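Please look over the structure below with its sheets, its charged pairs and its backbone geometry in mind. A short briefing on these topics comes after it.

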Amino acid sequence: MAETKNQQGFVFSGKKRSSTGQDGDDDFIVANKKSMLSTGLPSMWEDPAAALASARHEFGEHGGVNMSIEASATFTVMEPETMRRMFAGELGPDRDFFIYSRHFNPTVLNLGRQMAALEGTEAAYCTASGMSAISSVLLQLCSSGGHMVASRTLYGGTHALLTHFLPRACNITTTFVDINDHEMVKNAMVEGQTKVLYFESMSNPTLTVANIPELSRIAHDKGVTVVVDNTFSPMVLSPARLGADVVVHSISKFISGGADIIAGAVCGPANLVNSMMDLQHGALMLLGPTMNAKVAFELSERIPHLGLRMKEHCHRAMVYATKIKKLGLNVIYPGLEDHPQHELLKSMANKEYGFGGLLCIDMETEEKANRLMNHLQNCTQFGFMAVSLGYYETLMSCSGSSTSSELNDEEQALAGISPGLVRISVGFVGTLAQKWSQFEKAFSRLQDSGLYKN
């Protein structure tokens, strides 16, 4: 195998190590035991793209510019005593000792370092889905009888987890609040009982922007851990740099960009992420939402150009939102000056990435929403009727009857989800002029049908 090197953030895969450390290659160690998942990032974190460029680059086993895929489920040791020491916690991934890929896998671990760099956290662990990341971190932070406070406007699957599954299976209850009513948030938290404040940085689907610094201050004053879902705004917002304790992602969306992978991530303090991998009490270790190494490799190749993709998603979303508004449609986009949290987002956002890659059009009724989407897909090929987001093609769905359908009518009303709310994830294929022409033609046909009038 190629010799191990660790210079200026470049790390090559190395030879099999002896548990005695006698091979004289201690430069291999990437972190101490306390922070075995640490990124080793410099303390002065300024920008996600800069942080990713500063993170260590993992070369392939034979010096390839891309890292090797460690597809093994299990790993050998050189001496019998080594296995006992690994299970006792004396040797681990920080010194390139691996037991089994449900515990740690080198390829998945490297993706975790990239995610930690992206979010500016000490550590990260990547999972098989976004929901497994969310459920694992909440179960690690809350025990039976515990209490959480959460935004009433959440992805439908998360809302169902908090409303139905956790109370039934784990005796963990949640109080839902208007995340922009800070007094309501404060009053809902019970000091000594409430363990987590959970919200989305940019809410699904209403695109409400949370005041992350103020909400974090309120929660921390009561000893509550802040968990933020940043799926809608990677690169745009960095919640951990704004005061949040933990950041979760559905990597399936913008970070993947290809609508071909299901994956998630937990980004946060090294002591929390390591505790989630504890052999006796770790939610990730014991629930086993393991990411496949081949998936981790695919994703690690996409993260370096995430910044470029996000800039284009956001640029086009801003252009479309501005033009759609001029057509007289009720458009919701945080980049528009009349959005209630426009100035707030400007104050929190990383520079040059825009205001997000999603916009919403409120058509008031599901019938009108469906008619608009039908014209956009089947008449002019502007986009696809499909759930999910972050794809290079434009995706559209009527949220109330799809990704937010887990909420009942009353819950949807409280969340501000109109029956005719069309969520649009803006893609970047084709030219802007071409795609806008397709939208205009579809809208013109909708008007000609008599179903929609300004």
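This is a predicted model: local features need pLDDT of at least 70, side-chain atom pairs count only at pLDDT 80 or more; totals for chains, interfaces and linings use all residues.

Residues are numbered from 1 along each chain as its sequence is written, and side-chain values use heavy atoms, with hydrogens and water left out. Helices (H or I, at least four residues) and strands (E, at least two) are DSSP runs numbered from the N terminus. Residues are called buried under 20% relative accessible area, exposed over 50%, and partly exposed in between, using a 1.4 Å probe and protein chains only.

**Sheets**

- Seven strands make up an open sheet of mixed pairing, in the order β4-β10-β9-β8-β7-β5-β6, where two strands count as paired if DSSP finds at least two bridges between them.
- At the edges of this seven-stranded sheet are β4 (123-127) and β6 (173-177), each of which pairs on one side only.
- Neighbouring strands of this sheet are turned by 20° against each other on average, with direction ignored; the axes behind this value are lines fitted to C-alpha atoms, for helices over the stretch in contact, and angles run from 0 to 180 degrees between N-to-C directions.
- Within the sheet, β5 (residues 147-151) runs parallel to β6 and pairs with it over five bridges, and His147 stands opposite Thr173 in β6.
- A further open sheet, also mixed in its pairing, has five strands in the order β11-β12-β15-β14-β13.
- Because β11 (331-332) and β13 (384-385) stand at the edges with a single partner strand each, one side of each is left without a neighbour in that sheet.
- The strands β11 and β12 run antiparallel and are joined by two bridges, with Val331 having Ile361 in β12 as its bridge partner.

**Salt bridges**

- The structure holds eleven salt bridges, each being a side-chain nitrogen of Lys or Arg within 4 Å of a carboxyl oxygen of Asp or Glu.
- In helix α10 (residues 293-302), Glu298 and Arg302 lie four residues apart, about one turn of the helix, and they form a salt bridge whose closest N and O atoms are 3.1 Å apart.
- Of these two partners, Glu298 is partly exposed at 39% relative accessible area, while Arg302 is buried at 14%.
- A salt bridge of 3.0 Å, N to O, brings together the side chains of Asp338 and Lys325.
- This pair links distant parts of the chain, 13 residues apart, with Asp338 in the loop between β11 and α12 (342-348) and Lys325 in helix α11 (residues 306-326); Lys325 is partly exposed at 40%.
- Through salt bridges that share partners, Glu81, Arg84, Arg85 and Glu90 are joined into one network.
- One of the salt bridges is between Glu90 and Arg84, at 3.9 Å, N to O; Glu90 is partly exposed at 44% relative accessibility, and Arg84 is partly exposed at 44%.

**Backbone geometry**

- Most residues other than glycine have a negative phi, and most peptide bonds are trans.
- The peptide bond from Asn204 to Pro205 is cis, with omega near 5°, and Pro205 is placed in the loop between β7 (194-200) and α7 (212-221).
- Asp96, in the loop between α2 (80-87) and α3 (106-119), has a positive phi near 65° and is partly exposed at 21% relative accessible area.
- Glu364 also has a positive phi, near 75°, and lies in the loop between β12 (358-362) and α13 (366-379), where Glu364 counts as exposed at 56%.

**Cysteines and surface**

- A search of the whole structure finds zero disulfides, a disulfide being taken as a pair of cysteine sulfur atoms within 2.5 Å.
- Among the cysteines, Cys314 is buried at 2% relative accessibility, whereas Cys379 is partly exposed at 27%.
- Leu109, in helix α3, is buried at 7%, and its C-alpha atom is separated by 7.7 Å from that of Cys126, 17 residues apart along the chain.
- Asn370, in helix α13, is partly exposed at 34%, and the C-alpha atoms of Asn370 and Leu421 are separated by 9.9 Å.
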